[in-house]
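Hello,

Here is the structure we talked about. Please open it and keep it beside you as you read my notes.

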Amino acid sequence: MAVGYTLMTEQRGPKGLVADAVGAENAGFDFAVSSDHFSPWLAEQGHAPYAWSVLGAVAASTTRIGLMTYVTCPIIRYHPAVVAQKAATVSLLSDDRFLLGLGAGESLNEHVVGRGWPPVNVRHEMLAESITIIRDLLDGKDVNFAGDHYRVDSARLYDLPATRLPIGVAVSGAQSIERFAPVSDAMIAVEPNAELVTGFDAATSRTVPKIGQQPICWDPDRDEAVRRAHEQFRWFAGGWKVNAELPGPAGFAAATQFVRPEDVAESIPCGPDTAEFVKALRPWADAGYSHVALVQVGGDTQPEFLDYARAELLPALRREYGDAPENWLAA
């Protein structure tokens with residue numbers, strides 16, 4: 001299983017994120033994923049730089065580590081034609097180390113441009129049209145498109161990587177799998193659900209990477225780790241159906257006011273125990289995921305965490321789950 005590192009834009013400034021990506025590569029992580037937010041989930045996290053500027057700097061500052069968005073929403077805040085252009089540029093800057101991760105997004109980030117927040121079935125319609133546009137542009141086509149949600153007039157990308165840029169799509173159930181698996185080069189999901197894996201395999205004729213994400217909160221002091229995880233990650237308790245609908249950090253603060261530190265610690269391993277972090281990846285491995293990106297909670301803790309990961313955590317994970325293939329996107 002390939003082990004990744006999360007560049008969580010909600011908890012770190014742009015220069016810190018670039019330094020962390022270099023640190024993750026030096027520590028031995030196989031890939032790094034970046035969130036793509038306009039706002040943090042909670043005000044306590046304190047950051048939300050523009051992910052694509054960060055990715056460009058990361059691509060130029062690293063040489064080996066795989067890169068991807070986890071995930072970009074191409075339906076409201078960004079037009080899909082622009083997403084295709086910036087993805088192609090990052091792929092060129094990174095020498096084909098980039099995977100474009102796409103999803104239907106959250107109101108938290110998309111409502112800011114004043115176009116409202118449509119229901120989930122409409123969001124999926126918009127995402128399907130967006131993927132068609134993005135794939136055609138990345139294939140080097142001259143694109144004219146008139147759909148129910150988007151228009152594209154005489155668009156073409158003039159700087160494309162020699163190798164076709166892969167696209168991963170976030171799925172959460174049978175409906176999204178049926179719609180998006182046939183046009184995906186990777187599956188992205190936020191829960192270790194074996195039914196998602198088997199359903200995705202059944203819906204596509206290829207074996208593709210299955211990419212998940214696991215939050216942890218490492219700290220030499222377990223009490224401090226639990227406190228920090230509760231302060232900055234209690235939004236995680238709402239689940240994605242709720243998290244997709246709330247419009248801002250104040251809403252997440254109100255929705256999670258009764259979430260207790262011990263509630264957070266039940267779903268996020270906290271403290272100094274490497275064995276607990278290794279154990280946390282077991283459900284992902286058993287469900288058939290080929291890739292899992294770790295999220296270390298707490299922006300200021302990243303340099304220390306990366307030292308710990310290099311010395312202890314990654315060797316323990318390799319012993320338990322094996323070494324990743326040389327090609328980080330191998331399934």
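Why are Phe305 and Tyr308 separated by about one helical turn? They are 3 residues apart in helix α14, which spans residues 302-321. One caution before going on: the model is predicted.

Aromatic pairs

The structure holds 13 aromatic pairs. One of them joins Tyr5 and Phe29, with ring centres 5.5 Å apart and planes at 50°, so the pair is tilted. This pair links distant parts of the chain. Tyr5 is in strand β1 (residues 2-7). Phe29 is in the loop between α1 (14-27) and β2 (31-34), 24 residues from Tyr5. Tyr5 counts as buried, at 1% relative accessibility. Phe29 is buried too, at 0%.

Phe305 and Tyr308 also form a tilted aromatic pair, 6.2 Å centre to centre with 50° between the planes. Phe305 has a relative accessible area of 0%, so it is buried. Tyr308 is at 6% and counts as buried.

Ring pairs also build a cluster. Its members are Trp41, Phe233, Trp235, Phe236 and Phe252.

Charges over a ring

Look at Tyr78 next. The charged end of Arg77 sits over the Tyr78 ring, 4.6 Å from its centre. The charged end of Lys86 sits over the ring of Tyr78 as well, 3.1 Å from the centre.

Lys141

Lys141 lies in the loop between α5 (120-138) and β5 (143-146). At 42% relative accessibility, Lys141 is partly exposed. Leaving out residues up to four places away in sequence, Lys141 touches Asp136, Ala155 and Arg156. Ser154 is 13 residues from Lys141 in sequence, and their C-alpha atoms are 9.8 Å apart.

Best wishes

Methods
Residues are numbered from 1 along each chain as its sequence is written. This is a predicted model: local features need pLDDT of at least 70, side-chain atom pairs count only at pLDDT 80 or more; totals for chains, interfaces and linings use all residues. Side-chain values use heavy atoms; hydrogens and water are left out. Helices (H or I, at least four residues) and strands (E, at least two) are DSSP runs, numbered from the N terminus. Buried means under 20% relative accessible area, exposed over 50%, partly exposed in between (1.4 Å probe, protein chains only). Contact means heavy atoms within 4.5 Å. Rings of Phe, Tyr and Trp (its six-membered ring) pair if their centres lie within 6.5 Å; planes under 30 degrees apart count as stacked, over 60 as edge-to-face and the rest as tilted. A charge sits over a ring if NZ of Lys or CZ of Arg is within 6 Å of the ring centre and within 35 degrees of the ring normal.
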